[in-house]
Amino acid sequence: MLKQGDKAPDFRVTADDGKTVSLSDFRGRNLVLYFYPKADTTGCTHEAREFTDAMRQFEQANAAVVGCSGDSVEAQAKFKAKYGLKIPLLADTKFDVIAPYGARRMKSFFGKSFLGIVRMTFWIGPDGIIRKIWPKVAPRGHAAEVLAAIQQG
């Protein structure tokens with residue numbers, strides 16, 4: 001498992017707009033990389049909208065925000081358009097980002113266990129070092145919590 005102070009694993013994956021996004025694209029800026037289970041579900045929508053609503057404050061803190069799930073490029077694009085989201089959404093259908101960051105784990109729902117994507121967030125500093133990890137996230141209020149941590153340095 002990754003921990004605070006570790007070098008963030010590099011990644012290269014397609015975003016909702018069909019363009020390739022990599023960790024190096026954010027060098028020199030803070031990066032909020034958040035993982036969510038599925039596009040266009042209630043919790044994921046709340047979280048994405050809160051990050052979108054706070055984009056101006058994140059930009060003022062020299063921070064970019066990127067969401068990531070196992071959904072397809074098409075599903076991510078549809079989700080983004082439906083809610084007017086302003087953040088890139090990564091389509092990690094092969095778990096090339098999700099797995100190295102430890103966001104794919106055994107989960108349980110109504111007594112059944114399954115391998116799924118957990119809701120978690122990483123703050124990666126301008127130097128590519130993990131500054132903070134939120135291993136369990138409640139969607140409502142999370143964007144403000146992350147922003148406060150970055151602003152406090």
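Predicted model: local features only at pLDDT ≥ 70, side-chain atom pairs only at ≥ 80, totals over all residues.
**Entry 1: L85**

Setting aside neighbours within four places in sequence, I found L85 in contact with A48, R49, T52, F79 and K80. I then looked up where L85 sits, and the place is the loop between α3 and β5. Is L85 buried or exposed? Its relative accessibility is 5%, so I noted L85 as buried, the limit for that being under 20%.

**Entry 2: aromatic rings**

I counted nine aromatic pairs in the structure. One of them joins Y36 and F79, a tilted pair with 6.2 Å from centre to centre and 50° between the planes. Y36 belongs to the loop between β3 and α1 while F79 belongs to helix α3 (residues 73-83), so this pair ties together parts that are 43 residues apart in sequence. I checked the burial of both residues, and Y36 and F79 are each buried.

I then looked at F51 and F58, which also form a tilted pair, with centres 5.7 Å apart and planes at 45°. F51 is buried at 0% relative accessibility. F58 has a relative accessible area of 0% and is buried too. Which residues make up the aromatic cluster? I wrote down Y34, Y36, F51, F58, F79 and Y83 as one cluster.

**Entry 3: A81**

I stayed in helix α3 for one more residue, A81. Its relative accessible area is 62%, and the limit for exposed is over 50%, so I recorded A81 as exposed. From A81 to F109 I read 29 Å, C-alpha to C-alpha, for residues 28 apart in sequence.

**Entry 4: positive phi**

I looked for residues other than glycine with a positive phi and noted two, D40 and F95. D40 has a phi near 65°. D40 lies in the loop between β3 and α1, and with 32% relative accessible area D40 is partly exposed. For F95 the phi is about 60°. F95 is in the loop between β5 and β6 (104-109). I have F95 as partly exposed, at 23% relative accessibility.

**Entry 5: the sheet**

Next I traced an open sheet. Five strands form it, and I read their order as β5-β4-β3-β8-β9, with mixed pairing. Which strands stand at the edges? They are β5 (89-91) and β9 (130-134); each has a single partner strand, so one side of each has no neighbour in the sheet. Neighbouring strands here are turned by 20° against each other on average, direction ignored.

I looked at one of the strand pairs in detail. β8 (residues 120-124) pairs with β9 in the antiparallel sense, over four bridges. Within this part of the sheet I found F122 opposite I133 in β9.

**Entry 6: helices on the sheet**

I then asked myself which strands helix α4 (residues 142-152) touches. Helix α4 packs on the sheet and touches β3, β4, β8 and β9. I read about 155° between the direction of α4 and that of β9. Helix α1 (residues 42-53) lies across β3 (30-35), β4 (63-69) and β8. The direction of α1 runs at about 165° to β3.

**Entry 7: the protein overall**

I finished with the totals. I counted four helices and nine strands. Along the sequence they follow the pattern β-β-β-α-α-β-α-β-β-β-β-β-α.

How does the radius of gyration agree with a compact globule? For 153 residues such a globule would have a radius of gyration near 15 Å, and the protein has 14 Å, which agrees. The C-alpha atoms fill a box of roughly 40 × 35 × 30 Å along the principal axes.

Buried residues make up 47% of the 153 residues. I read about 7,900 Å² for the accessible surface, and 51% of this belongs to carbon and sulfur atoms. Last, I looked at contacts between residues at least 6 apart in sequence, and 62% of these join residues at least 24 apart.

Conventions
Residues numbered from 1 in each chain as written. Heavy atoms only, no water. Pairing = 2+ DSSP bridges. Helix = DSSP H or I, 4+ residues; strand = E, 2+ residues; numbered from the N terminus. Axes fitted to C-alpha atoms, helices over the stretch in contact; angles between N-to-C directions. Contact = heavy atoms within 4.5 Å. Rg over C-alpha atoms; globule rule 2.2 N^0.38 Å. Buried < 20%, exposed > 50% of the residue type's maximum accessible area, 1.4 Å probe, protein only. Areas by Shrake-Rupley, 256 points an atom, 1.4 Å probe, with all protein chains shown as cover. Phe/Tyr/Trp six-rings, centres within 6.5 Å; stacked < 30°, edge-to-face > 60°.
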